[in-house]
Amino acid sequence: MLALPTFAGQKVIVNQAPVAPVAPAVASPWSIELATTYTWGVPDIYNGAWNNGHCKEIKSIGADITGVYAIDEHQAVTLRFGYTWGGEKWAADEEGSWNKTRIHTFSLMPGYRYTDAITDQLSWFVGANIGIANASYKDSTYYEKERLGSDHKAAWGFAYSAEVGLRYELTESLDVFCAYQYGGNTASPKIEGVRVFHRQHGHQARVGVGIKF
């Protein structure tokens, strides 16, 4: 409030209302991750109806999108939707035939993650996820380079993974990360009650970017 002078030479007195302090902006606990994966390993070996335990290796590539909610500066809960495409090679049997299976897998897994700082920009993290998966198997059997037949089956099962990695903050809203992960699923189709495909599991390399809102 401003008091105006009533005669020459009187001082002007200004009364100002106190200014309330402004609280700092609270960072959003939400972030999203976009990542790609490469999986390698040897699936379960057993005497199935078709493969007779001759599986040699399994390899696949994939991508995932993960929503992250930070509970505090160390803990977070996650929800990951992933897709992988790849297959397994079966070694030639005593008759000279060999098989190759193509596998398309979708998974949805909630999880938990713990993070701790190494420097101002670098941190390490560990996490685990468990959920469901749907795996679609397309099997082809060959003999002397001539196709004998194929079969296409799909199944549901549990999906799981555990990872440990490093994260580097580029800006306040963008970071990059890399991780070693072990994961797989139990989605292995059966034909006439007999399991004929290997369960998927193996070592994974995961790299990607994180975006904070």
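What is the volume of the largest pocket? About 830 Å³, in what is a predicted model.

## The largest pocket

Let's start with what surrounds that space. The lining of the largest pocket is made up of 31 residues. Nearest its centre you'll find Ala70, Glu73, Glu169, Asp175 and Lys212. Strands β3 (30-41), β4 (55-70), β5 (75-90), β6 (97-117), β7 (122-143), β8 (146-169) and β12 (201-212) each put two or more residues into the lining of the largest pocket. The top contributor is β6, with four residues.

## A closer look at Asp175

Asp175, one of the residues nearest the centre of the largest pocket, sits in strand β9. Is Asp175 buried or exposed? With a relative accessible area of 5%, Asp175 counts as buried, because the cut-off for that label is under 20%.

Its side chain makes a polar contact with the side chain of Arg167, at 3.0 Å. Leaving aside residues up to four places away in sequence, Asp175 touches Arg167, Tyr168, Glu169 and Leu170, along with Gly208, Val209, Gly210 and Lys212. Two of those names, Glu169 and Lys212, also turn up among the residues nearest the centre of the largest pocket.

## β12 and its partners

Val209 brings us to strand β12 and its pairing. Strand β9 (residues 174-185) runs antiparallel to β12, and eleven bridges join the two. Val176 has Val209 of β12 as its bridge partner.

β3 pairs with β12 as well, again antiparallel, through ten bridges. Here Leu34 is bridged to Val209 in β12. So which residue of β12 is the bridge partner of both Leu34 and Val176? That's Val209.

## The largest cavity

How many cavities of 30 Å³ or more are there? The count is one. The space in the largest cavity comes to about 350 Å³. Its lining has 26 residues, with Thr84, Ser107, Met109, Gly184 and Gln204 nearest the centre.

At least two lining residues of the largest cavity come from each of β3, β4, β5, β6, β8, β9 and β12. By class, the lining of the largest cavity has 16 polar residues, eight nonpolar and two charged.

Definitions and conventions:
Residues are numbered from 1 along each chain as its sequence is written. This is a predicted model: local features need pLDDT of at least 70, side-chain atom pairs count only at pLDDT 80 or more; totals for chains, interfaces and linings use all residues. Side-chain values use heavy atoms; hydrogens and water are left out. On a 1 Å grid over the protein atoms alone, a cavity is a set of points where a 1.4 Å probe fits but cannot get out, and a pocket is an open set with protein on both sides within 12 Å along at least five of seven lines; lining residues have an atom within 4 Å of a point. Grid points are joined across faces, edges and corners, and a volume is the space filled by probe spheres set on the points. Two strands pair if DSSP finds at least two bridges between them. Ala, Val, Leu, Ile, Met, Phe, Trp, Tyr, Cys and Pro count as nonpolar, Asp, Glu, Lys and Arg as charged, and the others, Gly among them, as polar. Buried means under 20% relative accessible area, exposed over 50%, partly exposed in between (1.4 Å probe, protein chains only). A polar contact is a pair of N or O atoms within 3.5 Å; within protein, one must be able to donate a hydrogen and the other to accept it, and residues adjacent in sequence count only if both atoms are side-chain atoms. Contact means heavy atoms within 4.5 Å.
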